[in-house]
Amino acid sequence: MQFHHHGYVSADPRIQPAAGTGIDRPTEVPDEVDVLIVGSGPAGMLLAAQLSQYPDVTTRLIEKREGRLVLGQADGIQPRSVETFQAFGFAERIVAEAYNIGWMNFWGPDPADPTRIVRRSRTADYAYDISEFPHLIVNQARVLDYFAEAAAHGPGRIAPDYGVEFLGLTVPGDDALPVDVRLRDATGAERTVRARYVVGCDGARSRVRAEIGRVHVGDISQHAWGVMDVLVETDFPDWRIKCAINAEAGNILHIPREGGYLSRVYVDLGAVAADDDHRVRQTPIEEIIRRANEILHPYTLDVQKVAWHSVYEVGHRVTDGFDDAHGTDRAPRVFLTGDACHTHSAKAGQGMNVSMQDGFNLGWKLGSVLTGLSPASLLSTYGTERRPVAQQLIDFDKEWSSLMARKPEEISDPGDLATYYLATAEFPSGFMTQYEPGTGVVARDAHQELATGFPLGKRFKSAPVTLAADGNVVHLGHHAKADGRWRIYAFADAAGLAPGSALTRFAEWLGAAPDSPVRRYTPADADVDAVFDVKAIVQGGYDEVDVTSVPEIFRPESGPLGLMDWEKVFAAAPTRWNETDIFDARGLSRGGVVVVVRADQYVAHILPLDATDALAAFFDRWMLPQR
């Protein structure tokens, strides 16, 4: 963590100085705002935390509840989400309080007595095989708390406006005019607020979605599940391990919760009649507990306390569009995120995770447009990038839900559920998302062969490197905070930072040439790295680099005191504390390569060090000149 560059800081450095709209922030929602976020779910709170990094943008988040969420329904946190938490500065703290899924065990009927269940396999969880981050279980309410803290501690000082209900909106035909949004406060008084952009994060029954004429497309399967968070006494030996249980009496997905005692149990309630008309949702908790005991035979659950329970029918729906543009060429003004645009079962642990990535994708784009760094056309890429992801999620969840709901006689291979769980691990972990070149902010002409371990359109997969200034080992990707900046990683050829090397020539162009994106798109009164965070990674050892003599773009002056930033140059050579060479680990060309990464951590371009024209052309599409 870097701080003190604005002067000495003695308090919590995570609390950034208030700026712009964060200074004397009005108590009431102003009559005019830049962004109005409707709903304080995972997407809405992440979006607020991201936009808090843009203090010149007036952002308000309204929530009809009177206060914070006390008990959230979602609880599964995939490694990609923990990676995102790292960017917002709270990964370590939430990992400490969460339940870490280390294993998933699979139970089925005992061949000797099918009325009893036995453990069929012990399976290590997939998280650490594909990421440096774990697979967690933690209450959604706590996730929202952490994002609320990040939003409140950002320069924009964003906090939810509780007790404010969204009533409706009107989008004018003239794009120069704001959207009229009708609200009702806790006193019952109604008023109209004008917003440049509105984001509907208001759940599966989204009123914002209805107002812009978007509809959910899909169906509800004729199968119901009861779910309960419970404190129990039990003789089931795997009660503190995630388990998939298949029995003659039905199925259970059991997930231990944070804190060492609480567990979540998804209980199969069986097929639902076509004329049920949702009556299954009235199933009492006593019946869910009875079914759970029947499935777990010969083991028993003695439920001491029920913290929360519900009944749901599995639904798989994707909204027909994620904004109000409806296929026209005009830039969208109203957006949908999370359950407002995709709903599915809870058993794959995807709802909260995918919703947060919706917010991450949209947040930096709104910030860039509203601060004049990017054209409004950038906002059209939100829907084109995120809707295919939602459809992939629905397709995956249908298959996973079907596998989970099978009867024993429908299973030919008792190990196939465990096999599917591990074989598809990269998808539920959040790492299969890949934005297609040409459909979003991803280059068409990238040189993938120069960086095979950084797939174009996928998130930037971090690896350990050594900080040249002090010899400490750090994860390169962990330096990328959710501050809205682009990352340009320049991986050196064998000549490194020697005078006249490919990397040095690239650095000199980037720092001084008129067509350099740093020179062209960084405001004249801003720090040189305010828009582009440029980092160099050399192939040799950290002790071979004199940071004070590297090109200026790799040692920029920062803050009002003009202090040199010592944390832009890294070394790849293995050391006593780091056996990984990032060039080998990520398939990087020893001839050098530039990897461009978006503010939401996705790889946008891959180029040779001398492809400066192509780099300039890429940013010319997505950025507006500032000088």
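**Entry: helix α7**

I began with helix α7, residues 285-296, in this predicted model.

**Entry: helix α1**

I then turned to helix α1, residues 42-51. How many of its residues are buried? I found 10 of the 10, so α1 is largely enclosed by the rest of the structure. The buried residues of α1 are P42, A43, G44, M45, L46, L47, A48, A49, Q50 and L51.

**Entry: strand β11 and its partners**

I went through the pairings of strand β11, residues 190-200. Strand β1, residues 32-38, runs parallel to β11 and is joined to it by six bridges. Within this pairing, E32 has R194 of β11 as its bridge partner. Strand β10, residues 179-184, is also joined to β11 by six bridges, but here the strands run antiparallel. I found R182 opposite T192 of β11. β10 and β11 form a hairpin with five residues between the strands, and in it G188 takes a positive phi near 95 degrees. Strand β17, residues 334-336, pairs with β11 in the parallel sense over three bridges. There V199 stands opposite F335 of β17.

**Entry: a three-stranded sheet**

In what order do the strands of the open sheet with β3, β7 and β4 lie? I read the order as β3-β7-β4, with antiparallel pairing. The edge strands are β3 (76-77) and β4 (99-100), each of which pairs on one side only. Between β3 and strand β7, residues 136-137, I found two bridges in the antiparallel sense. G76 has I137 of β7 as its bridge partner.

**Entry: residues 434-626**

I checked the UniProt record, an unreviewed entry. It annotates residues 434-626 as "domain: Phenol hydroxylase-like C-terminal dimerisation". In the model, this span is 16% helix and 19% strand, and its end C-alpha atoms lie 31 Å apart.

**Entry: strand β21**

I looked next at strand β21, residues 486-491. Is β21 enclosed or open to the outside? Six of its six residues are buried, so β21 is largely enclosed by the rest of the structure. I checked the two faces of β21 separately. W486, I488 and A490 are buried on one side, and R487, Y489 and F491 are buried on the other.

I then listed two strands joined to β21. Strand β22, residues 532-538, runs parallel to β21 and is joined to it by six bridges. R487 has D533 of β22 as its bridge partner. Strand β26, residues 593-597, runs antiparallel to β21, with five bridges between them. Y489 stands opposite V595 of β26.

**Entry: aromatic rings**

How many aromatic pairs does the model hold? The count comes to 23. One of them is the pair of F618 and F619, which is edge-to-face, at 5.2 Å centre to centre and 70 degrees between the planes. A plane angle over 60 degrees counts as edge-to-face, which is why this pair is put in that class. I looked up the burial of both residues. F618 counts as buried at 8% relative accessibility, and F619 is buried with a relative accessible area of 0%.

Ring pairs also link F85, F88, F90, Y146, F147 and F360 into a cluster. F360 counts as buried, at 0% relative accessibility. I also noted the separation of F360 and F532: 172 residues in sequence and 18 Å in space, C-alpha to C-alpha.

Last, I looked at a charge over a ring. The charged end of R459 sits over the ring of F431, 3.7 Å from the ring centre.

How values were computed:
Residues numbered from 1 in each chain as written. Predicted model: local features only at pLDDT ≥ 70, side-chain atom pairs only at ≥ 80, totals over all residues. Heavy atoms only, no water. Phe/Tyr/Trp six-rings, centres within 6.5 Å; stacked < 30°, edge-to-face > 60°. Buried < 20%, exposed > 50% of the residue type's maximum accessible area, 1.4 Å probe, protein only. Lys NZ or Arg CZ within 6 Å of the ring centre and 35° of its normal. Helix = DSSP H or I, 4+ residues; strand = E, 2+ residues; numbered from the N terminus. Expected span 1.5 Å × (residues − 1). UniProt positions renumbered as here; feature names shortened; annotations may be inferred. Pairing = 2+ DSSP bridges.
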